[in-house]
Amino acid sequence: MQTPQFEFMRDFLLQQSGLVVEESKMYLLRTRLQPLLKEHSIATLNELADRLKKDRNSRLARQVVDAMTTNETLFFRDQYPFDALRDVMLPQCASSPVRIWSAASSTGQEAYSIAMIAAEALGGKGKRVEIAGTDISDQALTKAAGGTYTQMEVQRGMPARLLIKYFEQDGSNWRLKPEIRNMVRFGPANLVSPTLSSEMRGKGPFDIVFCRNVLIYFNVGARLQVIDNLAACMKDSGYLVTGAAEIPKGNKSRWEAVHFGNRNLWRLVAR
Ligand SMILES: C[S@@+](CC[C@H](N)C(=O)[O-])C[C@H]1O[C@@H](n2cnc3c(N)ncnc32)[C@H](O)[C@@H]1O
């Protein structure tokens, strides 16, 4: 790929999604965009860059961003956020419904893990929980909304007891029961969009936000923008759960660290 086209693609991805692609990762563009080149009969990445320059808002542009996302996820990833949800965060949420946001939900495992914890913790207590799952990847969202996972996917993180309780078998796959699926609504949202808070207005404000394993792909500027965007969608004293070391240091004054074991949750203490 020629340098001007690479620079265009790098800037395009940064502006559209916050994703940082360094020159040393140029191979990622090649491997991840190859199927799209084929689908749209585009001969080279240079030609693709020229097409995107002409229309940054086309379906092709959305597909390019989608193809560059990393959707790796699993049920109950890292376990401690879900223990903290059960033991610390949910007991402190007085309102009903409790509103929770999985803000880069990928194929849905995080949002459904939250739903199962909430069902276990609050079942029969008359408190409602509404969960929003959002992502920039349309393909991930389609899979998430289906609520159906392969044997391999459920083997990654699902405790057998909850699998039996909340899933039903669908051929060789496992489908979440309606009682869990109906707790979650999936839809598109771009975390770096300056209009994110107005786009999310109907779903929030949120008591609890999970935004995990996505900020690592962004530079410091984009991380700060996302954290501002999330704060604007949260209730005062709401909880934010990020991956380890995902909050840039300079931004910690408005967030109070709440220790949970050797990990931190973040509480919004100033706007
Ligand atoms: C590695 S997955 C993490 C999924 C889940 N939160 C977890 O921790 O397992 C990262 C997700 O972030 C999404 N993503 C990347 N950039 C985004 C953006 N600007 N806005 C919203 N989602 C984004 C990707 O599509 C991907 O599904």
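Guide: Start with the residue classes: Ala, Val, Leu, Ile, Met, Phe, Trp, Tyr, Cys and Pro count as nonpolar, Asp, Glu, Lys and Arg as charged, and the others, Gly among them, as polar. On that scheme the shell around the ligand holds seven nonpolar, nine polar and five charged residues. The model is predicted: local features need pLDDT of at least 70, side-chain atom pairs count only at pLDDT 80 or more, and totals for chains, interfaces and linings use all residues. Side-chain values use heavy atoms, without hydrogens or water, and residues are numbered from 1 along each chain as its sequence is written.

The ligand has 21 residues around it, and Ser17, Thr73, Arg77, Asp135 and Asn213 come nearest. A residue is near if one of its heavy atoms lies within 4 Å.

Now the polar contacts (pairs of N or O atoms within 3.5 Å). The side chain of Arg77 places an N or O atom 2.7 Å from a ligand oxygen. Asn190 has a polar side-chain atom 2.9 Å from a ligand nitrogen. For Glu110, a side-chain N or O atom is 3.3 Å from a nitrogen of the ligand. On its own, the ligand has 600 Å² of accessible area, and the protein covers 97% of that. Those areas come from the Shrake-Rupley method with a 1.4 Å probe.

Definitions and conventions:
A polar contact is a pair of N or O atoms within 3.5 Å; within protein, one must be able to donate a hydrogen and the other to accept it, and residues adjacent in sequence count only if both atoms are side-chain atoms.
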